[in-house]
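Colleague: I have this one open and want to go through the packing. Start wherever you like.

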Amino acid sequence: MDFRDYRDRLVTIDRMLVEGGVEAHFISLAWAEHAPEWADASAAQLQQFARHSVLALRCNIARLLTGLSFRDFAVRAAESSLLQWFLRISEVDRVKVPAKSTLERFSKWVRAETMTSVHLQLVTQAVTPAGAGTAQPLGLAEPVDATAAFLDSTCLKANLHFPIDWVLLRDGTRTLMKATVLIRREGLKQRMPQEPLRFLSDMNKLAMAMSANARRPDAKKQRKRTLRLMKALERKVMRHAQAHRDLLAQHWAETELSEKQAQAILCRIDGVLAQLPAAITQAHERIIGERAVPHADKILSLYETEVEVLKRGKAGADVEFGNKLWLAETRAGLIVDFQLLPEAKADSALVLPSVQRIREQMQLDVVQVWGDRGLFSRKNEQALARCDIKSGLCPRDPAELQERLQQDDGFRAGLKRRGGTEARIAIFKHAFAGSPCRAKGIEARQLAVSWAVLAHNLWVLARLKLAQDRPAAAAA
């Protein structure tokens, strides 16, 4: 039964992509984005680009629906005839499955702005009713009701460990010495007192000692002593890494590395070397100097620079590290508006811009807006009233909330439905976007969220269509 449900959803999504024109729209948008690169392409090359665009679209959707990594999805596609059919890679004499590196390139096939246009078209078709003599664009028996929007925010966690100051020194050592190993493997060597990975082993020992010192009676004194040893070792690691970096920059053509591979190693080293002096100073201030570091100057990760500290105040997650994710859904669970913010803002400040996007960009006639207490403000109430939109934002004043619950039964029902938005957020984060999200950089995470919204909405619409078709099939 589970396989049949899974198969039916894939078949339904396939029909929506083709008959709804989503696939053709994606190809045209991808071509508009990549047109300068293919200015002198032949007809055969353009046809190949269109096939790759279709494959990129379907691979990203199927991978997000299965929740697998690039490597695991490549294996799954190789053994699943159903996925091969959906991806359109089955041929008479062979089955050519994209490798994990190809799947990774497919995930960056277009920009986030392009995916926003694809999202807009899908939502527009989902809410469009059937016309005189014409079927509903996605084959739905009834279009999606978009008159009510349920708003909420969450934290899309970044892929980093809890930011402890001295752990940054261990992270830097690991990256620099592993990059040094790659350089020395190509025959480019500078004199070192020991092998690069021995420095990493020494730093790991100091990191374990730092953790163990917290349980000793003289914990403060021992932690300061251990940090001084870590700082001395880190500076030695930085000198060796800089020497090997300069060597690679001068002689990379003499190695078997391609120019892109050499640049990737150089960028990896430069990115860490640029931040380590500040990371050492931060650890010194916090542990030895026992002074607080201003939030604006804190380094949370050597690899994720655009990460915010979000005070959530939840059980088990008082503070979360990532970016604020804003979502707006319909009663049916279709996400009509989303935004991953590079800088955190108050939830109440996100309500009106979201309503404006839904009404003006999405062209949806929203007449009701629902949200929790964090979204409520007098400014929002007045602005929604001027737009003839019923406000379902939960008042912060308990007396005012009690009064509205007693006077308006619809308000009580709307708030009860709004509780389901918490479940929608959990489904989206854990089943589609990833928790944590493994994309690096705010732009990559915004693109990953855009793909996740598309896959989620197709999944929701497929479930909705199958549920609408069951009564008709049973009656027949």
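**Rings, charges and helices**

Modeller: A cluster of Trp31, Phe49, Phe106 and Trp109 is held together by ring pairs, where a pair means Phe, Tyr or Trp rings (for Trp, the six-membered one) with centres within 6.5 Å. This is a predicted model, so local features need pLDDT of at least 70 and side-chain atom pairs pLDDT 80 or more, while totals for chains, interfaces and linings use all residues. Numbering runs from 1 along each chain as its sequence is written, and side-chain values use heavy atoms, without hydrogens or water.

Colleague: How many aromatic pairs in the whole structure?

Modeller: Seven. In one of them, tryptophan 31 and phenylalanine 49, the planes are at 70° and the centres 6.0 Å apart, so the pair is edge-to-face (planes over 60 degrees apart; under 30 is stacked, the rest tilted).

Colleague: Which helices do those two sit in?

Modeller: Tryptophan 31 is in H2, residues 22-34, and phenylalanine 49 in H3; the two are 18 residues apart and the pair links distant parts of the chain. Helices here are DSSP runs of H or I, at least four residues, and strands are runs of E, at least two, numbered from the N terminus.

Colleague: Buried or exposed, that phenylalanine 49?

Modeller: Phenylalanine 49 is buried at 4% relative accessible area, whereas tryptophan 31 is partly exposed at 33%. Buried is under 20%, exposed over 50% and partly exposed in between, with a 1.4 Å probe and protein chains only.

Colleague: What about phenylalanine 432 and tryptophan 459?

Modeller: They make a tilted pair, with 55° between planes and 5.5 Å between centres. Phenylalanine 432 belongs to H16 (residues 420-433) and tryptophan 459 to H17 (residues 442-475), so the pair ties together parts 27 residues apart in sequence. Phenylalanine 432 is buried at 8%, and tryptophan 459 is buried at 15%.

Colleague: What else is in H17, say serine 450?

Modeller: Serine 450 lies in H17 and is buried, with 4% relative accessible area. Leaving out residues up to four places away in sequence, serine 450 touches Ala112, Met115 and Phe338; contact means heavy atoms within 4.5 Å.

Colleague: Back to rings. Where does the charged end of arginine 404 sit?

Modeller: Over the ring of phenylalanine 411, 4.1 Å from its centre. Arginine 417 does likewise with the face of phenylalanine 150, at 4.4 Å from the ring centre. The criterion is Lys NZ or Arg CZ within 6 Å of the ring centre and within 35 degrees of the ring normal.

Colleague: How do the axes of H15 and H16 cross?

Modeller: At roughly 20°, coming within 4 Å; H15 is residues 409-418. Axes are lines fitted to C-alpha atoms over the stretch in contact, with angles from 0 to 180 degrees between N-to-C directions. H15 and H16 are therefore roughly parallel (under 35 degrees; over 145 is roughly antiparallel, 65 to 115 roughly perpendicular, the rest oblique).

Colleague: Which residues in H15 meet H16?

Modeller: Lys416, Arg417 and Arg418 of H15 meet Gly420, Thr421 and Glu422 of H16.

Colleague: What follows H3?

Modeller: Glycine 67, with a positive phi near 70°.

Colleague: And the totals for the protein?

Modeller: There are 17 helices and six strands. Of the 476 residues, 47% are buried. The C-alpha atoms fill a box of roughly 80 × 70 × 45 Å along the principal axes. Among contacts between residues at least 6 apart in sequence, 68% join residues at least 24 apart.
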